[in-house]
Amino acid sequence: MASKTKKYGIKFPFTLENTEELFLDLDADFIAKAKSDMFHTIFTPKGQRYRMPNYGTRLIDYIFSDNTETTMDAVHDEIMTAIELYVPSVSVKDIKIYKSDEDDHRVFVTIKYTVTDGVKTTGELEANVEL
């Protein structure tokens, strides 16, 4: 029998490790849900979500672009705009985009943010991801 624990949203990355016979693992708390929502939004190419053609980002367009300041600024703006529009529980404080020290073709993003559930706000959180 499934537990009565409250679940919030589909966990990012997609996993299937639960023992509750669910199709996918779900986030166990609101803060984890906000982080998953943020990553789902960032990594969904625009035009991929039914009935929401503007949902997501155009990060895929930058895969073979040179890692110039102009490209980094465009990636920053894509991420910031998508989070502001589609993840209202997250307030982005800072986004840093930087190249790997070992490989100029690898790009990393650090997002500092807070989460508000309508009542209380978390302290500053940090998410790191390789693009």
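To get me started, how many helices and strands does the protein chain have?

A: Let's start with the overall layout. The protein chain has 2 helices and 3 strands, where helices (H or I, at least four residues) and strands (E, at least two) are DSSP runs numbered from the N terminus. Going along the sequence, the pattern reads α-α-β-β-β. Keep in mind that this is a predicted model: local features need pLDDT of at least 70, side-chain atom pairs count only at pLDDT 80 or more, and totals for chains, interfaces and linings use all residues. Residues are numbered from 1 along each chain as its sequence is written, and side-chain values use heavy atoms, with hydrogens and water left out.

The 3 strands make an open sheet in the order 1-2-3, with antiparallel pairing; two strands count as paired if DSSP finds at least two bridges between them. Strand 1 (90–99) and strand 3 (125–130) sit at the edges with a single partner strand each, so one side of each has no neighbour in the sheet. On average, neighbouring strands are turned by 20° against each other, direction ignored. The axes here are lines fitted to C-alpha atoms, for helices over the stretch in contact, and angles run from 0 to 180 degrees between N-to-C directions.

Let's zoom in on the pairings. Strand 1 and strand 2 run antiparallel and are joined by 9 bridges. Strand 2 (residues 107–115) also pairs with strand 3 in the antiparallel sense, over 6 bridges.

What about the helices? Helix 1 (residues 30–43) packs on the sheet and touches strand 1, strand 2 and strand 3, contact meaning heavy atoms within 4.5 Å. The direction of helix 1 makes about 35° with that of strand 3. Helix 2 (residues 69–86) packs on the sheet too, touching strand 1 and strand 2, and its direction makes about 160° with that of strand 1.

Strand 2 is mostly covered, with 8 of its 9 residues buried. Buried means under 20% relative accessible area, exposed over 50%, and partly exposed in between (1.4 Å probe, protein chains only). Across the protein chain, buried residues make up 31% of the 131 residues.

The largest nonpolar core has 23 residues, and Met38, Ile42, Ile79, Ile83, Val90, Ile95 and Ile111 have the most contacts inside it. Such a core is a set of buried Ala, Val, Leu, Ile, Met, Phe, Trp, Tyr and Cys residues joined through side-chain atoms within 4.5 Å. Helix 1, helix 2, strand 1, strand 2 and strand 3 each give two or more residues to this core. Take Ile95: leaving out residues up to four places away in sequence, Ile95 touches His76, Ile79, Met80, Val109, Thr110 and Ile111.

One last stop is Tyr62, in the loop between helix 1 and helix 2. Tyr62 counts as buried because its relative accessibility is 17%. Not counting residues up to four places away in sequence, Tyr62 touches Thr71, Ala74, Val75 and Glu78.
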